[in-house]
Every structure is written in C-alpha cells, then in structure tokens.
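I set out to record what could be looked up in this structure, entry by entry. The entries follow the order in which I consulted it.

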Amino acid sequence: RLAAAAAAAAHCPLLDLPTELLARVLSSFERPADIARVAAVSLLFHASLAVEGIRLWAQERGFELPAQPEGESCAVRWLCFAALLCESNPPARAAAGARHSIFIDGEGRLSSCGSAATEGE
C-alpha cells in the first residue's frame, strides 16, 4: 500500500497542485528572500507563485506591503525588498496609557488606538 502511494505521488507533478496550496507552502518559508529564490525555478513561479507567496508571508506576519512603484519592473524583487523592510522595522509602541496606545509603524506613520476614559475614572 505504501509503495502504491509513493508511486502515485511520484506521478503528480508539482505544478498540478492548486496554486493556492503552492502559495501557502511558499509563505511558510522563513524569509522573503527564500521565496524570491523560488522565482528562479520557473516562469510560473516568478509570474505568480513567488509574488503571492511573499504577499501571504507578509499578511501572515501582520505586515502591510506598499504598492509597487511605477518604473519598478520586477514585482518579486520589489515585494521581497518591501517585506524585508517591514520585517526589519516592525511597529514600535511609542507611548501607552491605561486606555490608549500610540505606535509608529515601519513607514514612520503615527497611529493610535484606544478609548476615551469614561466619567468617574
């Protein structure tokens, strides 16, 4: 039975797997640069899977990647660079109180969250 399963798996080309599954596998890589290396394997990976894998990698880690600038011809290179910037500049808490926090994100934007104190507090 094990030999039959192994033989069946050997005849299932990687590219026959659903694109979403392959992108999820790539997003589990430790670094976006590792995902970018997959782009060198084939044009299919470069055109779709590496891009989607880096986007998922960032999303799963709570990073918001900026849009690709005009004039940047390689989406994989841009997304890898943007993901590395997000990873090296995580959001930092600047101040906090009992009901409010202020953060500076990786792009230098000031964000706040919390609620106003209620009467009697």
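**Entry 1**

I looked up W57 and found that, not counting residues up to four places away in sequence, it touches S27, F29, E30, R31, P32, I35, F63, A83 and E87; contact means heavy atoms within 4.5 Å. I note that this is a predicted model, in which local features need pLDDT of at least 70 and side-chain atom pairs count only at pLDDT 80 or more, while totals for chains, interfaces and linings use all residues. Residues are numbered from 1 along each chain as its sequence is written, and side-chain values use heavy atoms, with hydrogens and water left out.

I then turned to the largest nonpolar core, which has 24 residues. Such a core is a set of buried Ala, Val, Leu, Ile, Met, Phe, Trp, Tyr and Cys residues joined through side-chain atoms within 4.5 Å. Its members that touch the most other members are I35, I54, W57, L65, V76 and L79. Helix 2, helix 3 (32-38), helix 4 (43-60) and helix 5 each supply at least two residues of this core. In soluble globular proteins, nonpolar side chains tend to be buried together.

**Entry 2: S27**

I located S27 in helix 2 (residues 19-27). Helices (H or I, at least four residues) and strands (E, at least two) are DSSP runs, numbered from the N terminus. Is S27 buried or exposed? S27 counts as buried because its relative accessible area is 2%; buried means under 20%, exposed over 50%, and partly exposed in between (1.4 Å probe, protein chains only). Leaving aside neighbours within four places in sequence, I found S27 in contact with I35, G53, L56, W57, E60 and R61.

**Entry 3: Helix 5**

I checked the span of helix 5 (residues 75-88), which has 14 residues.

**Entry 4: The strands**

I found G97 in the loop between strand 1 (92-96) and strand 2 (100-104). G97 is partly exposed, because its relative accessibility is 48%. G97 and G114 lie 17 residues apart in sequence and 9.0 Å apart in space, C-alpha to C-alpha. I104 is in strand 2 and, at 39% relative accessibility, is also partly exposed.

**Entry 5: The whole protein**

I recorded 5 helices and 3 strands, in the order α-α-α-α-α-β-β-β from the N terminus. Of the 121 residues, 25% count as buried.

How values were computed
The expected span of a helix is 1.5 Å times one less than its number of residues.
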